[in-house]
Amino acid sequence: MKFSMARRASLQISLLSMVGVVVIAAFAYQSIWMWQQMRHHDAIEQATLAAEQVLIKNSMANAAEMWQRLDEVLLSIGNVQAKVIGADGQIMYGPPVLWADAKYKETYMISLAGLGGEMPMADLELAMNITEDRNFLTFIGGLFVIASIVWAGIVVVISAILAKLQLKPLREFGRRIAEFNPAQSNEKSMISIDSSKEPDELLPVIEQFNMLMGKVTQYNQQLLSFNNNVAHELNTPLSSLTISHELLLKEKDVDSAHWRDSIHSNLEELQRMNRIIQSMLFLAHTTQGQRGNFTTLPSVRAPLEGVLEYFAYSLEDAQLDAKLTGDASAECDSELLKRAVSNLLSNAIRYANAGSTVNISIQQEHESDLVWIEVRNTGKPIPHDAIHRLFEPFYRVEKSRTESHANHGLGLAIVAAISRLHGGEVRASCEGDQVTIGLSIKASRTHEST
Ligand SMILES: Nc1ncnc2c1ncn2[C@@H]1O[C@H](COP(=O)(O)OP(=O)(O)OP(=O)(O)O)[C@@H](O)[C@H]1O
Ligand SMILES: [Mg+2]
C-alpha cells in the first residue's frame with residue numbers, strides 16, 4: 001500500500017503519541033496499584049499489632065470483654081475482619097468465613113501459639129475486603145484504555161490536518177511546475193520560482209529548478225536565434241535566385257552569353273546555400289556525436305602539416321608565413337581535427353595582416369590531460385564583448401562586411417563541436433593585434449565522450 005507523505009507523517013505522529021499515552025497510563029495504573037497494596041499492608045499490620053496486644057493483655061478469664069475489645073479495635077481500623085482459631089481447631093472468635101460476601105479479599109495468618117492459657121489459641125486469621133479498591137482499579141484501567149483510543153483518534157485527525165497544511169507549499173510548488181511551459185520562457189520573462197517566501201526545506205529543490213529553468217531558457221533562446229539565423233542565411237541566396245529567375249523569364253531575346261552569366265551566378269548562390277546546409281549538417285552530426293573515428297595518433301603534428309600544405313597557396317596569396325610548433329600524441333579523429341584546424345587557419349589567413357606570420361602551436365597540458373592546438377595571427381583586433389560569442393553558430397563580428405561573402409559564421413561553431421566530441425574545450429583571446437583562437441582535445445579517451 002502506498003502512503004502519501006502527509007498520511008505517513010500523521011500516522012507516525014499518532015503512533016508515537018499513542019505509545020506515549022499508553023506508557024503514561026500504564027505507569028499511572030501501576031502507581032495506583034502499588035499505592036493500594038501499601039495501604040492494605042499498612043492496615044493489616046495495624047490490625048495485627050492491635051489484635052495481638054488485645055489478646056496478650058486480656059486473658060480468657062474475661063473472654064467476653066476481650067472479644068469486645070477486639071471488635072472495637074477492628075472496627076476502628078475498618079475493612080478488616082478477624083478469626084481466632086483455638087489449638088483444637090475450633091473458632092474461638094469471629095465468623096466461620098471472613099468477608100464471606102466479598103468478591104476480592106486478602107487473607108493473612110498469624111500464629112498465636114502460647115496464648116490463651118487454659119484454652120490455648122493457635123492462629124489469628126485476618127482478612128481485608130479489597131473489592132472496592134479492585135473495582136476502582138478496573139474502572140481506572142478502563143478509563144485509561146478509552147482515553148488512549150479517543151486521544152489516538154484526535155491525534156490522527158489533528159496530525160492529518162497539520163501535515164496537509166505543512167505540505168501545502170510542496171503542492172503549490174508542484175502546481176507551479178505543472179503550469180510551466182518551456183516555450184514561454186525567454187530572456188525577458190524567464191520562469192523562476194521566488195524562494196524568499198518558501199520554507200527552508202524547499203530551497204535546494206527551488207534552486208535546482210531555477211537553475212534548470214535558466215538552462216531551458218538559454219537553450220530556448222539558442223534554438224530561436226539558430227532558427228532565425230538559418231532562415232536569414234538561406235533567405236538571401238533564395239531571394240536573389242528568385243529575382244534572377246523572374247528577370248530572365250521577363251526578358252525577351254536573351255542571348256546565350258547572358259544566359260550563361262545568369263546561370264553561373266545562380267550556381268554560385270546554389271553552391272553558397274549548399275555550403276551552409278553542409279556545414280549545418282556537419283555541425284548537427286558532430287554535436288550529436290554521430291561522427292568520430294578515433295585512433296591513437298602518436299603525433300598530432302603530422303595531420304596538421306597536411307593542413308598547412310593544403311593552405312600553402314592561400315598563405316602565399318595573402319603574403320603570409322606559417323609556423324607550426326610543438327607536438328603531442330592523442331586519441332582523436334584526425335579528419336575532424338584537420339577540419340577544425342582548417343577552419344581556424346582559414347580565419348587567420350582572412351584576418352591576418354599581410355607580411356605577418358600565422359603561428360600554430362601544439363601543447364600538452366599535463367594537469368588536465370588536454371592537448372591544446374592554437375592558431376595565432378596578427379591582424380584586426382576582436383572587440384572584447386565579441387570574444388565570448390565567437391563560437392556561437394552564425395555569429396560574425398562584422399556581419400555587414402562578411403554578409404555578401406561566402407562566410408556564414410559556422411566555422412568556429414564546428415570547431416567547438418569537434419572539441420566537445422574530443423572531450424575538450426575552446427578558447428579565444430585578443431591582446432592588441434594578436435588574435436589567438438584554439439581548441440583542446442583529450443589526450444587519452446579513458447572516459448568515453450559522446
Ligand atoms: N583570426 C581572426 N581574427 C579576427 N576575427 C576573427 C578571427 N577568426 C574569427 N573571427 C571572427 O569570428 C567570426 C566567426 O568565425 P567563423 O569561422 O565562425 O565564421 P566565418 O569565418 O565568418 O564563416 P565560416 O567559417 O562559416 O565560413 C568571424 O566572422 C570573424 O568576425
Ligand atoms: Mg571561418
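**A walk through our predicted model**

Hi everyone! Let's begin with contacts: in the protein chain, among contacts with a separation of 6 or more, 69% join residues 24 or more positions apart. Keep in mind that this is a predicted model.

Now the overall picture. The protein chain has twelve helices and eleven strands. How does its radius of gyration look beside that of a compact globule of 450 residues? A compact globule would be near 22 Å, but this chain has 52 Å. Along its principal axes, the C-alpha trace spans about 165 × 55 × 35 Å. And of the 450 residues, 20% count as buried.

In soluble globular proteins, nonpolar side chains tend to be buried together. Here, the largest nonpolar core has 43 residues, and Val371 and Val415 touch the most other members. Helix H12 gives the most to this core, with eight residues.

Finally, ligand 1. It is surrounded by 23 residues, and the closest are Asn347, Val397, Asn407, Gly411 and Leu412. Helix H9 (334-351), helix H12 (411-421) and strand E11 (434-442) each give two or more residues to this shell. Which of the elements gives the most? That is H9, with four residues. By class, the shell has eleven nonpolar, nine polar and three charged residues.

Terms used
Residues numbered from 1 in each chain as written. Chains lettered and ligands numbered in written order. Predicted model: local features only at pLDDT ≥ 70, side-chain atom pairs only at ≥ 80, totals over all residues. Rg over C-alpha atoms; globule rule 2.2 N^0.38 Å. Buried ≥ 20, exposed ≤ 12 C-beta atoms within 10 Å, placed from the backbone. Contact = placed C-beta atoms within 7 Å. Near = placed C-beta within 6 Å. Nonpolar A, V, L, I, M, F, W, Y, C, P; charged D, E, K, R; others polar. Core = buried A, V, L, I, M, F, W, Y, C linked by C-beta atoms within 7 Å.
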